[in-house]
Amino acid sequence: MKHILISLILTLSSINIAVAASGDADAGKTKAATCAACHGSNGIGASDSYPNLAGQHADYIVKQLKAFKAGDRKDPLMSPMAAPLSEQDMADVAAYFSALPRDGGSQDTGSADAGSAVSAAPVAYVPNPAAGKSLYELGDASRSIGACIGCHGSEGNSEVLIYPNLANQHPEYIAKQLMNFKKKDRVNYAMNQFAGAMTEDDIADMQAYFADPAAVANVVSRKVMPAAPVTAEVIAGKAKAATCAACHGADGNSPVAIYPKLAGQSADYIVKQLQEFKAGTRKDPVMAPMAAALSQQDMVEIASYFATQKIAVADLAGSAAGKKLYFGGNVKRKITACVACHGVNGKGMNKAGFPTIAGQNEAYLKAQLMKFKSGERNNDYNTMMQSVASKLSASDIDELAKYMASIK
């Protein structure tokens, strides 16, 4: 994205409108006139090194401009170039590019795409677009890689305005940004976690998929199932977890709806919660004294035991409204789809810190969403859950809890 804005800012540096309003595409066309050298007259990058802007979400373009200006997204070229831009400048240029056809019209970029696609993947590895599709649509829970489809949409057609379209984007640019997130040259908590767990072959597969999604449209994505090994920690944890049985059940399947099921939950997530109950960063009058007596090793062993147990999921009716919100979010209300972090099967992302919610007690799920909404619970990463829950109505929370409790 860094070259997206070099030309924009050269044009806009002398403009200073104090208050940002809705973008004016006509004004943006004039302001973006010098962008053509890098991004093409139709918003399609002149080479794979420059990202396409045609049809990109205006909100996303503005977000990146602001990030460069604030220094949240660091780049030695873009930071000083973005500094003089007003919010109105950003909105106008973003509105212009957003209105352009995403296929770029008549500009011929095929030769540039073809020439660069070969060099992105290691010579010894032949990228597999079907594998890229599976990783994009399902993620890989065993490696804590989230499904991309929840934020970026089917075949890269994002319906969430703050997440970029990947459809019709240069595949090499997508691969480049994944590598930037992997190396943390570009900072975003969720993307750093997901891309950080990807191998270079995974990224090459993703690039191959976006080179021609239609070529594998009929290929059914394959799930990757994690295994739960029995270790010394698991054995020791079984004995130490005896005191947890009254609320959470001997095997982690709580018989009391207001308490969470721990069976099948990731060990890392359980340890984090125990640490925070002990430290007081997650407050609970029952759990605080229970966690206070635990050592770090106790926590690891108890968590390891519960993680290997199988969750018992009742046959519940679920909720069509909850399912729609879980998988699609709500664009108008800027609600992110739950699937982005918790996965298509509700199993979460272990190393990324996103818990399993499939089959959890409905009353517990509802209570936690309400606590995140009110701010009573605030131990989430980067306030991610508080941000999502704050936009949910009481009815949304009811329906989501019903659906998540029914996932098997």
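Reader: At what angle do helix H18 and helix H22 pack, and how far apart are their axes?

Author: In this predicted model, helix H18 (residues 320-328) and helix H22 (residues 394-406) pack at about 90°, and their axes are 7 Å apart.

Reader: Why are H18 and H22 called roughly perpendicular?

Author: Angles of 65 to 115 degrees count as roughly perpendicular. The angle here is about 90°, and H18 and H22 are therefore roughly perpendicular to each other. On the H18 side the contact is made by Ala321, Gly322, Lys323, Leu325, Tyr326 and Phe327, and on the H22 side by Asp396, Glu399, Leu400, Tyr403 and Met404. By class, these are seven nonpolar, one polar and three charged residues.

Reader: What makes H10 and H11 roughly perpendicular?

Author: Helix H10 (residues 171-183) packs against helix H11 (residues 189-197) at about 100°, with the axes 7 Å apart. The range for the term is 65 to 115 degrees, and H10 and H11 are therefore roughly perpendicular. Leu178, Phe181 and Lys182 of H10 meet Met191, Asn192, Ala195 and Gly196 of H11. That contact divides into four nonpolar residues, two polar and one charged.

Reader: How do you know that the span of H20 is close to the expected one?

Author: Helix H20 (residues 362-374) has 13 residues. At 1.5 Å a residue the expected span is 18 Å, and the helix reaches 19 Å from its first C-alpha to its last.

Reader: Why are the buried residues of H20 said to line one face of the helix?

Author: The buried residues are Tyr364, Leu365, Gln368, Leu369 and Phe372. Seen down the axis of H20, they fall within an arc of 130°, so they line one face. An α-helix has 3.6 residues a turn, so residues three or four places apart point the same way. The cover over the buried residues of H20 includes helix H21 (384-390) and H22. Just after H20, glycine 375 has a positive phi of about 90°.

Reader: Why does glutamine 273 count as buried?

Author: Buried means under 20% relative accessible area. Glutamine 273 has 6% relative accessibility, so it counts as buried. This residue is found in helix H15 (residues 267-279). Not counting residues up to four places away in sequence, glutamine 273 touches Arg282, Arg377 and Asn379.

Reader: Is threonine 336 buried or exposed, and what is its relative accessible area?

Author: The relative accessible area of threonine 336 is 15%, so this residue is buried by the cut-off of under 20%. Threonine 336 lies in the loop between H18 and helix H19 (339-342). Leaving aside neighbours within four places in sequence, its contacts are Cys151, Tyr163, Gly329 and Val388.

Reader: What makes helix H8 mostly covered?

Author: Nine of the 10 residues of helix H8 (residues 129-138) are buried. They are Ala130, Ala131, Gly132, Lys133, Ser134, Leu135, Tyr136, Glu137 and Leu138. Helix H9 (149-152) and helix H12 (200-211) are among what covers them.

Reader: How many helices and strands are in the chain, and what share of its residues is buried?

Author: The chain has 22 helices and zero strands. Of its 408 residues, 49% are buried.

Reader: Which share of the contacts joins residues at least 24 apart?

Author: Among contacts between residues at least 6 apart in sequence, 71% join residues at least 24 apart.

Terms used. Residues numbered from 1 in each chain as written. Predicted model: local features only at pLDDT ≥ 70, side-chain atom pairs only at ≥ 80, totals over all residues. Heavy atoms only, no water. Axes fitted to C-alpha atoms, helices over the stretch in contact; angles between N-to-C directions. Helix = DSSP H or I, 4+ residues; strand = E, 2+ residues; numbered from the N terminus. Parallel < 35°, antiparallel > 145°, perpendicular 65-115°, else oblique. Contact = heavy atoms within 4.5 Å. Nonpolar A, V, L, I, M, F, W, Y, C, P; charged D, E, K, R; others polar. Expected span 1.5 Å × (residues − 1). Buried < 20%, exposed > 50% of the residue type's maximum accessible area, 1.4 Å probe, protein only. Arc of directions from axis to C-beta.
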